[in-house]
Amino acid sequence: MTSTPTNRTTAERDIESLLHPYTNPIRHQEIGPLVIARGQGVRVFDDTGKDYIEGLAGLWCTALGWGEERLVAAAAEQMRTLPFYHLFGHKSHDPAIALGERLLALAPVPMARAFLTGSGSEANDTALKMIRYRANALGQPNKKKVIARDRAYHGVTIATSSLTGLAVNHRSFDLPDPAVLRAACPHYYRGGRPGESEEAFSTRLAEELEAMILAEGPETVAAFFAEPVMGAGGVVVPPADYFPKIQAVLDKYDILLVADEVICGFGRTGKMFGSETFGMRPDIMTMAKGLSSGYLPISALLINERVLAPIVAEAGRIGTFGHGYTYGGHPVSAAVAVETLKIYAERDILSHVAQVAPVLQDGLRGFANHPMVGEVRGIGLIAAVELVADKETKTPFDPSWGVGATLVARAQDHGLILRAMGDSIAFSPPLIITADEISEMLYRFALALADTAAWVAERR
Ligand code: PMP
């Protein structure tokens, strides 16, 4: 006999009702959920009242932290005025127009139009479709291959999963699509050869990219997708000259650059967009997360004239641009995004990030001498600490030990939510975090690292 909802615990109800994304369902039945009940500032509180510093801003998104009343008010007002409308068939609404204008004004390179979507995956999926459409419009039907990098994360739709370069997103899904070409990940610590300088590493990656393009035939390669800093792949900060060298190769063979700014956009790396931080000149930019501070789902693409003009010509000829989502540019989400962008400007979020980023970056580098820490990397308010079994040889821990996951569990005990990508521990706190809150976060991390070191020592 099944019990009634009233006499079951929240954990039981969760286990019996939800299949969780990115979760081991068998382990979930054993340990149950951490139920988050509310949030304020950089902290969230579980259903027992215990507080946690949210070291990852949820999923790298809640830039303004929790409890930002201006976003609540913007949503409520828009809900009352026009809770739904769409942009299909010549319709429009003010929040979408205002958002398009603001995004075009913020773009670090000249962009011609914004296209509004609902999630990071949808934005990148739309970029893929625009790339195909453009190739057909230009009479280049064979120029449709796209390149993405090992350890990239661009989403989980059928198409964007193939751009994503992580095995867990492919295994048992019959992915990736072999039409996606794979380039190397610009992680010098892991990919640099003995004696190779960072600059030589970047040069080699650009040469390898060029060799791949030539082997495939430049007339078949349409675009290169890249996150400025790779997020879910383990927070990979490229060497300073990596993107300029890659950009030169793309320019040489008329290959579009798609900058996936879903994590890096809106100040995360210290500039408004990661493309500015790393010297990228994208033709398409995709963005989400910080766009609405995660308060409502919304994403966007900015496309330049090179992309727009052929699409306009082709769609004009066919009679319509046959693509769009019911909720693309949803008025309530768009109103919240506009308010979010206003707040970033009014509070000069970039200056704030410039002020507090050294507290995070220098603080984490303070752990670099720890025997289990292989590398500390990061820029702005995004960072990772990579744990290793042997510091000298950079030998990773046996993945079956789950050292990264153990550290994250210990951090949770100490009131800090972090995320492990393998044994790389990611930090991406709300951008509003103060220096004192960063210090507290680092203290809680130190406790978790010490606990994990003791646990490892026992197992050895
Ligand atoms: N691109 C990047 C760089 C991301 O980090 C993510 C999500 N973590 C996505 C795309 C996909 O976004 P979504 O989960 O909203 O589909």
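Predicted model: local features only at pLDDT ≥ 70, side-chain atom pairs only at ≥ 80, totals over all residues.
Which residues in helix 6 meet which residues in helix 12?

Colour residues 34-67 together with 348-459 as domain 1, and residues 71-346 as domain 2. The C-alpha centres of domain 1 and domain 2 lie 27 Å apart, and across the boundary 26 residues of domain 1 are in contact with 24 residues of domain 2. On the side of domain 1 that touches domain 2, the elements giving two or more residues are helix 3 (57-60), helix 14, strand 11 (373-379), strand 12 (382-387) and strand 15 (424-427). Helix 14 gives the most to that side, with five residues. By class, the residues on this side of domain 1 divide into 17 nonpolar, seven polar and two charged.

**Helix 3 and Ala 57**

Select Ala 57, whose place is in helix 3. Here phi is near 50°, a positive value in a residue other than glycine.

**Helix 14 against helix 16**

Next, show helix 14 (residues 349-365) with helix 16 (residues 435-459), whose axes come within 9 Å and cross at roughly 15°. Helix 14 and helix 16 are therefore roughly parallel to each other, and their crossing is right-handed. To see the contact itself, display Val 356, Val 359, Leu 360 and Gly 363 of helix 14 beside Ala 435, Ile 438, Ser 439 and Leu 442 of helix 16. The residues of this contact divide into six nonpolar, two polar and no charged.

**The ligand and its shell**

Now select the ligand, which is surrounded by 15 residues, the closest being Ser 119, Gly 120, Ser 121, Gly 155 and Val 262. The shell around the ligand divides into six nonpolar, seven polar and two charged residues.

**Helix 6 against helix 12**

Follow helix 6 to its packing with helix 12 (residues 305-318), where the angle is about 70° and the axes are 8 Å apart. That makes helix 6 roughly perpendicular to helix 12, and the crossing of these two helices is left-handed. The opening question can be answered here by displaying side chains: Met 130, Tyr 133, Arg 134, Asn 136 and Ala 137 in helix 6 meet Val 307, Pro 310, Ile 311, Ala 313 and Glu 314 in helix 12. By class, this contact has seven nonpolar, one polar and two charged residues.

**Helix 4 against helix 13**

Move to helix 4 (residues 69-81) and helix 13 (residues 331-346), which pack at an angle of about 150° with their axes 8 Å apart. The crossing of helix 4 and helix 13 is right-handed. Helix 4 brings Arg 70, Leu 71, Ala 74, Ala 75, Gln 78 and Met 79 to meet Pro 331, Val 332, Ala 335, Val 336, Glu 339, Thr 340 and Ile 343 in helix 13. The residues of this contact divide into nine nonpolar, two polar and two charged.

**A last stop at Pro 176**

Finally, select Pro 176 in the loop between helix 7 (158-163) and strand 6 (180-183). What kind of peptide bond joins Leu 175 and Pro 176? The bond between Leu 175 and Pro 176 is cis, with omega about 5°.

Definitions and conventions. Residues numbered from 1 in each chain as written. Near = placed C-beta within 6 Å. Nonpolar A, V, L, I, M, F, W, Y, C, P; charged D, E, K, R; others polar. Axes fitted to C-alpha atoms, helices over the stretch in contact; angles between N-to-C directions. Helix = DSSP H or I, 4+ residues; strand = E, 2+ residues; numbered from the N terminus. Parallel < 35°, antiparallel > 145°, perpendicular 65-115°, else oblique. Left-handed = near helix turned anticlockwise from the far one by under 90°. Contact = placed C-beta atoms within 7 Å. Domains from an automatic or database assignment.
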